[in-house]
Structure formats: structure tokens, C-alpha cells
Amino acid sequence: MNMIAETKLEPKQVQTMQNSFKMLGRNVTVHYGAKQALFDVNLAIRQNTVTALIGPSGCGKSTFLRCLNRMNDTIDNCRVGGEITLEGQDIYDPSIDVVELRARVGMVFQKPNPFPKSIYENVAYGPRIHGLARSKVDFDQIVETSLIKAGLWNEVKDRLHEAGTGLSGGQQQRLCIARAVAVSPEVILMDEPCSALDPIATAKVEELIHELRSNYTIVIVTHSMQQAARVSQRTAMFHLGQLVEENDTDKIFTNPDESRTQDYIMGRFG
Amino acid sequence: MASTHIYTAFDEELKYLARRISEMGGLAEQMVSEAVQALVNSDTALAQKVVSDDVVLDAAEREVGDKAIIIIARRQPVAADLREIIGSIRIASDLERVGDLGKNTAKRVIAVQESGVPRKLARGIEHLSELALMQLKEVLDVYANRSADKAQSIRDRDEEIDAMYTSIFRELLTYMMEDPRNITPCTHLLFCAKNIERIGDHATNIAETIYYMATGSQPEGERPKDDTANTVVVTKA
Ligand SMILES: Nc1ncnc2c1ncn2[C@@H]1O[C@H](COP(=O)(O)OP(=O)(O)O)[C@@H](O)[C@H]1O
Ligand SMILES: [Mg+2]
């Protein structure tokens with residue numbers, strides 16, 4: 001069961017949960033103008049775990065994901081309520097530096113979006129603006145390890161100075177993952193990262209997600225139930241802006257508690 | 001199953017599996033009942049029929065397995081759907097074993113026929129088979145409506161059959177000791193009784209599978225066991 005669905009929590013319990021989970025959303029609400037997109041979502045994101053967000057389109061998966069690194073701030077009429085913490089720290093606190101937050105909580109988008117620059121520059125860009133490296137040697141090192149972590153190094157090491165946009169779709173997406181990894185984030189958010197990829201490129205990205213899990217905390221939005229089942233350890237099911245249930249992926253895909261989850265994953269009419 | 005799939009063909013495939021299982025259940029029941037009749041009445045023709053029916057049951061089990069594999073490959077079922085399909089494979093396999101036990105009983109009719117079956121023993125085996133068949137029939141009804149509660153109660157009743165089997169076992173040993181010429185037919189009858197007792201176990205397996213299909217968890221508690229035949233010793237008076 002969702003352990004944080006309990007409405008009445010002692011401050012001490014909240015403190016304990018904030019410390020034991022990587023990120024914690026409490027009573028998160030989101031409005032786009034007058035339209036409410038999320039209703040009191042309580043969801044814990046565990047460290048070194050892949051959490052999949054599933055649910056019919058328009059249910060608020062991307063909206064919730066974007067709350068986790070304040071990407072919603074960039075949307076004009078968007079208002080976020082409730083509380084979201086990263087290692088116990090409120091990320092909506094006025095003292096938070098949003099640029100720094102987005103380095104700690106990186107994001108990979110649905111459509112691969114490399115900058116119109118070389119492969120090398122795509123990866124070196126983040127470390128440069130965050131001042132993570134000075135010398136050429138340091139940059140070379142970061143670019144190489146990031147591309148290795150993204151499983152792309154062997155495919156591009158001989159053409160690092162060619163345009164990133166010249167890669168295949170799957171390679172571009174792994175380049176975007178390398179770019180996210182380059183600034184040493186703690187959490188990586190992915191919004192339908194494979195929806196533009198063919199099955200082989202998808203399998204490579206999924207394998208990569210599996211490997212990244214030991215060093216990062218990953219939250220992935222996917223409309224593919226099979227993908228959620230393959231890559232995640234925890235699954236959160238959203239419907240009409242509400243969190244229906246969150247549980248071990250094994251449990252969700254063999255015997256979910258909620259009939260709305262069951263109907264959705266089995267492809268039934270509710 | 002209140003709601004239906006968006007893919008109607010998927011619903012049809014699941015219904016097809018369920019129908020084949022029900023048919024297998026009907027045939028398995030009939031085979032066991034006819035095998036026992038053949039035994040009690042020394043009816044070798046009926047025994048032959050049971051042996052040939054087993055081929056049909058074997059083919060049906062393979063067909064359920066093949067169909068299930070195809071559904072899994074094409075639909076990637078999850079949750080209750082996945083349990084339904086895996087459950088079908090298990091139940092088909094239990095029913096196929098029930099058929100084998102019926103066939104094995106039928107094959108022994110010729111060996112037992114020469115000496116005939118003592119009236120009292122025939123009654124005992126008939127009664128044992130009635131209990132096993134009743135359990136099989138009930139479990140097939142429970143399959144038809146997927147009731148977890150009823151599945152649990154069937155499972156709790158297997159001990160009646162086990163107790164009856166133990167008493168037949170004891171009786172057969174006594175006959176054998178009275179007259180060594182009874183040893184051959186009684187040994188065959190012993191296997192027949194054991195076959196029937198095993199049918200009860202398969203019905204219990206099926207009940208457990210249905211419980212799992214309906215709830216996603218295994219039934220509570222140890223399976224009741226009252227088969228004490230493995231410790232029975234009869235000494236000559
Ligand atoms: N920028 C936006 N402006 C207004 N409404 C939006 C915006 N983004 C999303 N929405 C609305 O919020 C709801 C949730 O959308 P979203 O989070 O994108 O769903 P999902 O990712 O689950 O498909 C939808 O009703 C959608 O129309
Ligand atoms: Mg979305």
C-alpha cells in the first residue's frame with residue numbers, strides 16, 4: 001500500500017520519510033490557470049530505484065515529473081502547491097537556486113534534442129556552465145566517462161567533433177542521457193524517452209536505464225506498460241490527476257490493489 | 001470478469017481457453033467414472049473405451065498449452081489476465097493427470113477380472129471414487145465461476161478421501177494375508193485405490209490454482225492431510 005497516503009502524519013514521521021526517501025512529494029497540486037491537473041499527490045521517490053509513472057494520457061504524469069525539477073516554472077499559468085523535498089530540502093523554497101536544482105535533478109525529454117553542436121560540445125556544455133571542469137584534460141575526461149555511462153562511447157569515439165544531430169534517433173537519445181549524466185546529477189527524470197525510438201534503440205536505452213540505476217535515482221514516464229514492467233522497481237499509477245496507487249512493480253503487474261490500475265494495465269474498459 | 005478488453009479478440013482467446021478446460025474436465029470426470037464402473041463390473045469393453053479417450057485428453061492439454069503460449073507472446077498479459085492463462089496451463093495439466101489415473105485404473109480391469117473383485121472391496125472403491133468425483137465436479141463448478149471462497153473450502157475437504165483410502169488400504173492388506181491367491185488382484189486394486197486418491201489431490205491442486213487466479217495469492221494454511229496409509233501395518237492374528 002501507499003505508505004504516505006495517510007493524511008494525518010506526525011511532523012516527526014514526515015521528517016523520517018524525508019530523510020529515507022530521495023524525493024518526497026506531499027499533497028502536490030498543480031493548476032494550469034483555472035484547470036487543476038494534479039490533486040493532492042503523495043509520492044515518495046526511492047534512492048537508486050527506477051520509479052515508473054504510468055496512466056492514460058492527460059492523467060498528469062508529465063506534470064508531476066516536471067514538478068520534481070521545477071520545470072513547470074517555465075510554464076506561464078502553472079501553479080504548484082503542496083511540498084516537494086529533495087533529501088529533506090524543500091525545492092520550492094525561495095532560497096533554492098533553480099539552475100543548481102536542475103543540475104541535481106536532470107531531465108531527458110521525449111524527443112531527442114541535441115544542441116546543434118558537436119557530440120563533444122553537447123556533453124561538455126553542462127559541465128562548462130556549471131563550472132565543473134577547467135582544463136581540456138578535465139573536459140575530455142568528463143565527456144568520455146559520460147559517453148561511456150550512456151553506452152555511446154564506442155559508437156562515437158572516433159567522431160566526437162561531428163554534429164550530434166547527425167546521429168541516429170536512438171544514439172541522439174543516449175547522447176541526451178550522456179548530457180544529463182555529465183553534470184553528475186542525483187536524480188534523472190525521463191519523459192517517454194523511447195517513444196520516438198525503434199525497438200532495438202529502445203532496448204539499448206532500457207538497458208542503459210537499468211545500468212544507471214546503481215548510481216542515480218530515476219523517474220520515468222512511459223505510456224508503454226511493458227516498458228514500465230521491464231525497467232522499473234516501483235510503479236506509480238495516475239488517473240485524472242490523482243495517484244491511484246504506488247507499489248513494487250512486481251506487485252502492480254501481477255496483482256494490483258486498485259481496479260483502476262488493473263483495468264488500465266490489462267487494457268480493459270473501466 | 002466484469003469488464004472486457006479493448007481488444008475483443010483477446011476476450012475471445014481467454015474464453016476459448018476456459019471452454020477447453022471445462023471440456024477437459026467433463027472428459028476426465030467421465031473417464032474416471034467409467035474406469036471404476038469397468039473395474040467393479042469387470043467390463044473390459046468399457047475399460048478399452050477409457051484407454052482410448054485418454055488420447056483425446058492428452059491432445060486437449062497440448063492444445064491449451066500451445067494456445068496459452070501464443071496468447072502470452074502476442075498479448076503480453078499482466079495481472080489477472082496473466083494469472084488466468086498460467087492457471088489454465090496448470091489446470092489442464094492436472095486434468096490430464098486425472099485422465100492418466102483413470103486410464104491406469106482401466107488397464108488393471110483385465111488383471112483383476114479373472115479373480116473378480118470381492119463385493120465389499122468393490123463397494124469401498126466405488127465409494128472412494130464417488131468422493132473423488134464429487135470433489136472433481138465441484139472444483140470444475142468453482143472454476144466456472146472463479147469463486148475463491150469455494151475453492152478454499154474444497155481444498156479443506158480432501159482429508160475425507162485420504163481417510164477412506166487408508167481404510168481400503170488396511171482392508172486390502174487383510175485380504176492378502178488371508179489367502180496368498182488374493183495378492184495379485186489386491187495389489188492391482190491397491191493401485192486403483194491409490195489412483196483414485198491421487199485424483200482427489202489433483203482436484204485440490206486445481207482448487208488452489210483457482211484461488212490463485214481469483215486472488216493473486218496462495219490459499220492460507222497447510223493443506224489438510226489425513227493419508228496415514230504410509231504408516232499402516234497389519235499383523236497376522
Ligand atoms: N502547458 C499546459 N497548459 C495547460 N494545460 C496543460 C499544460 N500541460 C498539461 N496540461 C493539462 O494537464 C493535464 C495533464 O497533462 P500531462 O501532465 O501532460 O499528462 P500526461 O503526461 O499524463 O499525458 C492534461 O489535462 C493537460 O491537458
Ligand atoms: Mg506526458
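Predicted model: local features only at pLDDT ≥ 70, side-chain atom pairs only at ≥ 80, totals over all residues.

Chain A has eleven helices and ten strands, whereas the secondary structure of chain B comes to eight helices and zero strands.

**Overall dimensions**

- Chain A has 270 residues, and because a compact globule of that length would have a radius of gyration near 18 Å, the 19 Å found for chain A agrees with that expectation.
- Taken along the principal axes, the C-alpha atoms of chain A fill a box of roughly 55 × 45 × 35 Å.
- Chain B has 237 residues, for which a compact globule would have a radius of gyration near 18 Å, and the value of 20 Å for chain B agrees with this.
- The corresponding box for the C-alpha atoms of chain B, again along the principal axes, is roughly 70 × 40 × 20 Å.

**The six-stranded sheet of chain A**

- Six strands of chain A form an open sheet in the order β6-β7-β8-β3-β9-β10, and the pairing within this sheet is mixed.
- The edges of the sheet are formed by β6 (105-108) and β10 (242-248) of chain A, each of which pairs on one side only.
- From one strand to the next, the twist of this sheet averages 20°.
- Helix α7 (residues 169-182) of chain A lies across both β6 and β7 of chain A, and its direction makes an angle of about 170° with β6(A).

**The four-stranded sheet of chain A**

- Another open sheet, this one of four strands, has the order β2-β1-β4-β5 in chain A, and its pairing is antiparallel.
- Its edge strands are β2 (35-45) and β5 (89-90) of chain A, and each of them pairs on one side only.
- Strand β1 (residues 23-32) of chain A pairs with β2(A) in the antiparallel sense, and seven bridges hold this pairing in the model.
- V30(A) has L38(A) of β2(A) standing opposite to it.

**Helices α2 and α3 of chain B**

- Read along its sequence, chain B follows the pattern α-α-α-α-α-α-α-α.
- Helix α2 (residues 44-75) and helix α3 (residues 79-107) of chain B pack at an angle of about 165°, and their axes are 9 Å apart.
- Because an angle over 145 degrees counts as roughly antiparallel, α2(B) and α3(B) are described as roughly antiparallel to each other.
- The crossing that α2(B) and α3(B) make is left-handed, and the residues of their contact divide into 14 nonpolar, four polar and seven charged.

- The crossing of α5(B) and α6(B) is left-handed, and the contact is made by Q135(B), E138(B), V139(B) and V142(B) of α5(B) together with K150(B), A151(B) and I154(B) of α6(B).
- Sorted by class, the contact of α5(B) with α6(B) has four nonpolar, one polar and two charged residues.
- Helix α5(B) also packs with helix α8 (residues 183-215) of chain B, at an angle of about 15° and with axes 9 Å apart, which makes α5(B) roughly parallel to α8(B).
- In this left-handed crossing of α5(B) and α8(B), the residues that meet include L121(B), I125(B) and L128(B) from α5(B), and C186(B), L189(B) and A193(B) from α8(B).
- The residues of the contact of α5(B) with α8(B) divide into 18 nonpolar, four polar and no charged.

How values were computed: Residues numbered from 1 in each chain as written. Chains lettered and ligands numbered in written order. Heavy atoms only, no water. Pairing = 2+ DSSP bridges. Helix = DSSP H or I, 4+ residues; strand = E, 2+ residues; numbered from the N terminus. Axes fitted to C-alpha atoms, helices over the stretch in contact; angles between N-to-C directions. Contact = heavy atoms within 4.5 Å. Parallel < 35°, antiparallel > 145°, perpendicular 65-115°, else oblique. Left-handed = near helix turned anticlockwise from the far one by under 90°. Nonpolar A, V, L, I, M, F, W, Y, C, P; charged D, E, K, R; others polar. Rg over C-alpha atoms; globule rule 2.2 N^0.38 Å.
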